[in-house]
Structure formats: structure tokens, C-alpha cells
Amino acid sequence: MVRCKANRKAMAGQSCSKSEAKGPSDQQDCCYKMVDDKKLLGRHYVATRRIERGEIVIREDEPLLQGPPLETESICLECGDRLSSGDEGDFRPCDKCGWPLCSQCESHTKPECEFTQKYHKNGRVQTKPVPKMAHPAYRCVTVIRALMLRETEPRVSEKFMRLSGDCRASDKEDHLTVARFVKTFFSKYEESVEEIAKVSAIIQINAHELPICEPAQIAVYDLASYLEHSCQANCSKIFTDQGGLLIRASDTIEPGEHLSICYTDPLWSMQSRQMHLQVTKNFDCGCRRCQDPSEAATYFSGLLCPFCETKDAVMVREKVDDSTDGLGEGRMAEEKLECAKCRDKLDVAKAGFDDLLLEIGQKLHKLEKNNVEACRGFLKEHEPLLHRNHYYMVDVKMALAQLIGQEQGRGLGQISTDLLKEKIQLCDDLSELLLTLAPAEHRARGTILFELSAAYAEYARRESLLMPVLLKESKRSLDAAYELLKYEPDCLPEGKIAMAARKNLEELERVITRFDKMRLNPPTFP
């Protein structure tokens with residue numbers, strides 16, 4: 001893995017000049033330094049200069065470690081493809097170590113092969129794939145790959161072991177279970193159970209799921225592991241088709257600001273995000289968005305007040321401190337829903353809103369998201385209770401915005417003008433919401449802007465008088481979509497959208513140029 005001088009200085013907590021970042025695979029320039037806040041955040045990055053929106057902040061050509069997640073179905077351990085059955089024709093055991101390979105892979109070069117030969121009590125495993133189920137033997141594979149780094153790539157192992165492995169007491173037993181499994185079946189390996197468990201914890205806390213792999217794989221990176229979390233992050237992450245990682249500024253970042261990415265899904269509810277971070281990353285999120293019950297005035301979890309007659313009366317959840325312990329520190333008591341307009345407070349549990357939201361969530365789970373009328377019906381049914389930006393409503397609107405004009409093979413040219421206008425309004429609203437709520441969510445917003453561009457182009461075809469204006473709106477949306485998605489790998493849907501956007505831009509620019517020439521030089525008639 002290539003590392004520039006800029007990155008080495010950044011790891012040492014120093015800033016450096018633009019001239020020190022050289023070479024095509026180096027960082028664009030050093031724009032951050034590492035700060036170690038032992039009391040609160042631990043190690044994190046702070047901008048040392050103004051970082052412009054769209055700049056590549058960190059580039060890592062390959063991860064420190066890659067492998068299957070803790071819970072995975074049976075896969076070929078060489079290429080990662082799914083082993084769909086336990087039949088001998090679908091897989092074969094590696095001649096050297098016994099781990100299952102697909103029938104297409106002729107050799108097994110991954111670290112677990114050498115590790116098994118050296119440390120397994122019999123020199124090879126006897127593992128038969130179990131189709132469509134999590135295979136218990138695979139729980140140790142990525143841990144084994146990390147352990148082998150000590151022998152094969154000690155400098156990489158040193159970087160890996162510097163990463164955080166602090167986990168909750170309740171999670172330690174899971175990691176110890178994996179470690180005991182390794183010690184039982186690889187009894188010749190002399191490392192302690194505690195040290196193996198630490199490796200397992202580092203993987204859990206620092207791993208990213210790779211969207212380029214199917215079935216899913218995880219990867220642990222070096223520099224990116226020190227980026228702190230925010231549910232309203234100022235940096236986005238982009239995976240390359242070779243498993244590398246780009247960290248890109250999603251907004252302008254001023255000197256002294258912290259660099260952040262989102263460790264969870266920013267389009268989940270606050271409760272779901274917090275639970276996911278507690279379970280997988282071992283912390284409670286206190287980012288700006290989570291501290292603001294209105295979530296930047298988007299009311300992403302907002303409910304409409306039953307006591308107010310106007311639709312702009314929104315209730316948001318507030319945690320109430322109504323007691324103190326012997327140390328004088330507040331203990332979080334029950335949650336309340338408070339309306340910003342009438343200031344009425346309701347006990348969430350007593351009012352039954354949680355049960356109602358659970359019921360709506362179950363309806364959403366069963367919803368036919370490939371059916372325009374079903375999606376529209378869901379929105380209409382629940383608009384008396386849920387704010388228009390509520391996460392349930394946004395989930396359905398995201399599906400509907402892409403579905404209109406694609407349902408049952410129909411193109412945009414075959415839908416009514418009213419439905420076309422509805423698509424434009426949906427895409428426009430969603431784009432603005434995503435920009436406010438989750439500016440680093442480039443894939444979702446880029447996809448919506450691509451849909452918006454297509455809708456404007458079709459509307460321009462139908463409205464000849466407004467055609468020049470509408471075509472420019474289409475181009476503006478398409479420019480923005482391409483800018484957001486241009487680094488996405490070709491193997492992902494968003495990468496394919498980026499390629500289509502670039503091609504469409506060339507055609508759109510030719511059409512707009514032709515119209516501009518006609519306007520400046522109108523034809524004359526005898």
C-alpha cells in the first residue's frame with residue numbers, strides 16, 4: 001500500500017505542505033492532523049486548512065484486512081463467491097488445508113490456508129458448506145487472516161493492532177468465544193485467548209462492509225479508522241472496485257473542524273442509529289444531529305400534534321432529566337413528545353405512539369414497493385400522523401421517486417403529466433432533505449438527482465415554450481448527480497448511473513447549445 005509523506009506526518013499529528021504529497025496514488029495534499037483526546041474522542045482528525053467540497057481527503061489503495069463477516073453463509077474462501085449447495089459439484093476442499101473452494105478456483109492463496117497447515121491439530125479442516133445458513137466455522141476466518149499478518153506482513157499487523165478494540169463487557173464474551181474456537185481447532189497456535197479476542201474486537205469496531213462484494217465482506221482500513229463518527233458527517237466514503245477507499249469532503253470544511261464519516265445508516269431513525277452504534281461500535285452518539293430533537297428542522301422522527309389543527313404543528317421526542325443520583329449527575333428518565341406549537345407534552349408510552357409506530361413499521365415491511373399506487377396509498381394513509389419528512393415517509397418516497405416512470409416497464413414518456421410533475425416534486429424535496437440531513441449520503445442523493453434530471457428532460461419534451469428553461473434544469477440536476485457519483489465503481493448501480501449521466505450530459509449540452517443558437521439567430525422567412 002502506497003503512503004505519502006503527507007500521510008506519515010498526519011499520523012504523527014503534524015500538518016504538512018501541499019508539495020510533500022507526490023505521485024498518482026498519494027493524497028491530494030495534507031489537509032488534516034491527528035489529535036488524541038484521551039478523555040472523550042480518542043484519536044481523531046482535525047482540518048489544518050480549508051477543505052473544499054468534493055476534495056479527496058484520504059485515499060487508501062487497499063485495506064489492512066479483508067474477509068467474511070462474523071456471520072456469513074458458506075462461500076469460496078479464495079474468490080468469495082457463494083457456495084449455493086453442499087453438493088460436491090459446487091465446491092471442492094482445498095488440497096492443502098481443507099477449506100472449501102468453488103469449482104472454478106484452482107488454488108487457495110489466502111492466509112487461512114497456511115495458518116491451517118501450520119496450526120490445526122490435523123493440518124487441515126473438514127468443513128462442508130451449509131447452503132443458505134450462517135456457517136459457524138467461518139466465524140474465525142477473518143480473525144485468522146489478521147493473526148497471520150504478524151508473520152507475513154508485520155508492519156501491516158502493527159498498524160492493525162494500533163486500532164481501537166475497546167468493546168462493551170457484554171460483547172467481550174462473543175470475542176472470547178471466537179478466540180476459544182481458534183484455540184480449540186488450531187491448538188498449535190500459541191497466542192493467548194485474550195490476545196485473539198482483542199483481534200476479534202478490533203475487527204468488529206473498525207470494519208466497513210464492502211458494497212462491491214456479494215455475499216458481503218468486510219474490510220479494515222488504516223487511515224480511515226481514525227475518522228470520528230457523525231450522523232450528519234462532513235465526509236463521504238467511496239469504495240473502489242479493487243477494495244480501496246476514498247474519503248471525500250461532502251461539504252466545505254474549515255480549519256479546526258473535525259473530519260467525520262457516518263458509521264451507521266443516516267436514513268435510519270435516531271433510535272435505530274443509536275442502537276446500531278451501541279451494539280457494533282460500543283458508544284452512544286452525541287453528534288449535533290442526535291442532540292437536536294428536530295434533526296436540523298427536518299423533523300425526521302416528527303409526529304403531527306393531535307391537539308393542533310394546523311399541519312405545521314410537529315411533536316418531537318425529548319429525553320427528560322427529572323432525577324439525580326448521589327453524584328449529582330442527571331439520569332435519563334422517560335421520553336416525552338413535545339409539540340413546538342402548543343408546547344403540550346405527552347408520555348410516549350402512555351400515549352401509545354410507540355405501538356402505533358411499530359404497527360406502521362410492520363405495514364411498511366409488507367408494502368409492495370414496486371407498486372406506485374401502493375406507495376401512494378401508504379403516504380396518504382399515514383400523512384395525518386407522520387410528518388412529511390418522517391423516516392417511514394421518506395423510505396416510501398425514495399422508492400416512489402425512482403418507481404414512477406419505471407413501473408411495469410413503462411418509460412417516462414408513457415406516464416401522465418400530473419404523475420411526471422409528482423415525480424419532479426418528490427425528487428426535488430428528497431434532494432433538499434438529503435442535503436440538509438445527510439450531506440455525505442452521496443449515493444442516495446446522486447440517484448435522486450439523476451431521476452430528477454430525466455423527469456425534467458421529459459417535461460421539456462412536452463412543453464415546447466418552457467423547453468430551454470427545463471432543459472437547463474435537467475442539466476443542472478445531471479451535473480450535480482455526476483459530481484456526486486463520478487468516483488463510484490462501475491460494478492455498483494451508482495457507478496452505472498454515473499456513466500449514464502456523463503453520456504447524457506454530452507447529449508444535453510449539444511441540445512442546449514443548439515437551442516441557444518436558434519434563440520440568438522432566429523430563422524428568417526421571405
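**View 1. Surroundings of the cysteine C31.** C31 is buried, with a relative accessible area of 1%, in a model that is predicted rather than determined by experiment. The closest cysteine sulfur to that of C31 belongs to C30 and lies 6.5 Å away, which is too far for a bond, because a disulfide is counted here when the two sulfur atoms are within 2.5 Å. By this rule the count of disulfides comes to zero.

**View 2. The cysteine C375.** C375 is likewise a buried residue, for which the computed relative accessible area is 0%.

View 3. Within helix 2, which spans residues 111–119, the buried residues are E112, C113, F115, T116 and Y119.

**View 4. Packing of helix 3 on helix 4.** Helix 3 packs with helix 4, residues 154–161, at an angle of about 135°, and the axes of the two helices are 6 Å apart. The two helices are therefore oblique to each other, and the crossing of helix 3 and helix 4 is left-handed. On the side of helix 3 the contact is made by A146, L149, R150, E151 and T152, while helix 4 contributes P154, V156, S157, F160 and M161. Sorted by class, the residues in this contact of helix 3 with helix 4 comprise six nonpolar, two polar and two charged ones.

Technical notes: Residues are numbered from 1 along each chain as its sequence is written. This is a predicted model: local features need pLDDT of at least 70, side-chain atom pairs count only at pLDDT 80 or more; totals for chains, interfaces and linings use all residues. Side-chain values use heavy atoms; hydrogens and water are left out. Buried means under 20% relative accessible area, exposed over 50%, partly exposed in between (1.4 Å probe, protein chains only). Helices (H or I, at least four residues) and strands (E, at least two) are DSSP runs, numbered from the N terminus. Axes are lines fitted to C-alpha atoms, for helices over the stretch in contact, and angles run from 0 to 180 degrees between N-to-C directions. Angles under 35 degrees count as roughly parallel, over 145 as roughly antiparallel, 65 to 115 as roughly perpendicular and the rest as oblique. A crossing is left-handed if the near helix is turned anticlockwise from the far one by less than a right angle, and right-handed if clockwise. Contact means heavy atoms within 4.5 Å. Ala, Val, Leu, Ile, Met, Phe, Trp, Tyr, Cys and Pro count as nonpolar, Asp, Glu, Lys and Arg as charged, and the others, Gly among them, as polar.
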